[in-house]
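Trainee: Could we go through this model together? I would like to begin with its turns and then move on to the sheet.
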Amino acid sequence: MYQIETMTEAQARKTARRYIAIIGSTLAIATIASVSIAQSVAGDSQPQTEAFRILHNSEDGVWRLNETTGEVTVCTAENDGTLSCAVSHGLPPVENLPSTT
């Protein structure tokens, strides 16, 4: 009815090596994935150091300058209490501008 095949010692070693390679590869991939996820999470938790300067402030809204990127953000207060903002693309910081001399 059922046939039981026996393995030679060489076949058993070859099969064991395959299983070890598969398990080792899986563990290596899982380790690399967990390290990269941990690094990305740690990188996201670093505070960004940006300096802002208020250019204009009124009851209607505010204009602020990001001194790091040169972006200007203009926010206006809407009647429903929300804040609508527009952001410029910014200019490089003054120290990064090319010299004119």
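Mentor: β2 and β3 form a hairpin with 5 residues between them, and Gly70 in that turn has a positive phi of about 85°. The model is predicted, so local features need pLDDT of at least 70 and side-chain atom pairs count only at pLDDT 80 or more, while totals for chains, interfaces and linings use all residues. Residues are numbered from 1 along each chain as its sequence is written, and side-chain values use heavy atoms, leaving out hydrogens and water.

Trainee: How many bridges join β2 to β3?

Mentor: Strand β2 (residues 61–66) and strand β3 (residues 72–77) run antiparallel and are joined by 5 bridges. Strands here are DSSP runs of E with at least two residues, numbered from the N terminus, and two of them pair if DSSP finds at least two bridges between them.

Trainee: Which residues of β3 stand opposite Val62 and Arg64?

Mentor: Val62 has Cys75 as its bridge partner in β3, and Arg64 stands opposite Thr73.

Trainee: And how many residues lie between β1 and β2?

Mentor: That hairpin has 3 residues between β1 and β2. The two strands pair in the antiparallel sense over 5 bridges, and Phe52 stands opposite Asn66 in β2.

Trainee: In what order do the strands lie in the sheet?

Mentor: The 4 strands form an open sheet in the order β1-β2-β3-β4, with antiparallel pairing. β1 (52–57) and β4 (83–87) stand at the edges with a single partner strand each, so one side of each has no neighbour in the sheet.
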